[in-house]
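This report describes one protein chain, moving from the whole chain to single residues. Please keep the sequence and the structure in view while reading.

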Amino acid sequence: MFGIANLGYVILGMLVAWKNIEFDRITTWGGLAALLIIAATSIDLKDSPKIPALLIFLGSASYSIFLTHRSLISASTKIVQKANLGKKIDGFFAPAILAVLAVVLGCIFYFLIGKKMTVFLRKNLVEKMFHPQAQGRI
């Protein structure tokens with residue numbers, strides 16, 4: 001079901017972008033979203049396959065990606081405009097390139113700053129707040 005829904009999104013996105021065809025939002029995009037939700041809720045977690053390390057890393061970095069993506073996309077767009085690269089980058093692929101760039105840079109931010117900050121805050125704030133009796137022990 002995941003594959004069918006994702007393939008449907010790709011096909012609809014390509015038709016909208018290339019053929020300038022408009023679809024009814026509820027019946028097409030909503031139907032595919034419902035299919036994704038049904039697929040996600042029907043997964044039996046006991047029998048699920050091992051999650052790839054890349055997906056685990058992206059999940060860990062997701063908050064850093066969320067925090068940085070808007071400013072990274074804005075800065076990248078301004079750089080592309082200033083460098084006059086807009087004519088060289090196809091309008092269909094430009095958002096995809098910017099999205100990938102934002103994810104990669106968000107992951108770098110997580111690796112260099114977010115991960116260390118999480119460890120620091122967990123040690124110095126969370127453990128002291130929720131485990132104050134552990135401070136006196138050695």
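## Overall composition

Of the 138 residues in the protein chain, 12% are buried. The model is a predicted one. The chain contains four helices and zero strands, and its pattern along the sequence reads α-α-α-α.

The accessible surface of the protein chain amounts to about 11,100 Å², and carbon and sulfur atoms account for 70% of that surface. Among the contacts in the chain with a separation of 6 or more, 71% are between residues 24 or more positions apart.

## Confidence of the prediction

The average pLDDT of the protein chain is 78, and 80% of the residues score at least 70. Among the elements of the chain, H3 has the highest mean pLDDT, at 88, whereas helix H1 (residues 2-19) has the lowest, at 72.

The buried residues in H4 include Leu98, Ala102, Gly106, Cys107, Tyr110 and Gly114. H3 is part of what covers the buried residues of H4.

## An aromatic pair between H3 and H4

The structure holds two aromatic pairs. In one of them, the ring centres of Phe57 and Tyr110 are 5.6 Å apart and the ring planes are at 65°, so the pair is edge-to-face. This pair links distant parts of the chain, since Phe57 belongs to helix H3 and Tyr110 to helix H4, 53 residues apart.

Are the two partners buried or partly exposed? Tyr110 counts as buried because its relative accessibility is 12%, which is under the 20% cut-off. Phe57 has a relative accessible area of 28%, so Phe57 is partly exposed.

## Ser76 in helix H3

Ser76 lies in helix H3 (residues 53-82). The relative accessible area of Ser76 is 12%, so this residue is buried.

Which residues does Ser76 contact, leaving aside its neighbours within four places in sequence? Ser76 is in contact with Leu98 and Leu101. Of these two partners, Leu98 is one of the buried residues in H4.

Terms used:
Residues numbered from 1 in each chain as written. Predicted model: local features only at pLDDT ≥ 70, side-chain atom pairs only at ≥ 80, totals over all residues. Heavy atoms only, no water. Helix = DSSP H or I, 4+ residues; strand = E, 2+ residues; numbered from the N terminus. Buried < 20%, exposed > 50% of the residue type's maximum accessible area, 1.4 Å probe, protein only. Contact = heavy atoms within 4.5 Å. pLDDT = per-residue confidence, 0-100. Areas by Shrake-Rupley, 256 points an atom, 1.4 Å probe, with all protein chains shown as cover. Phe/Tyr/Trp six-rings, centres within 6.5 Å; stacked < 30°, edge-to-face > 60°.
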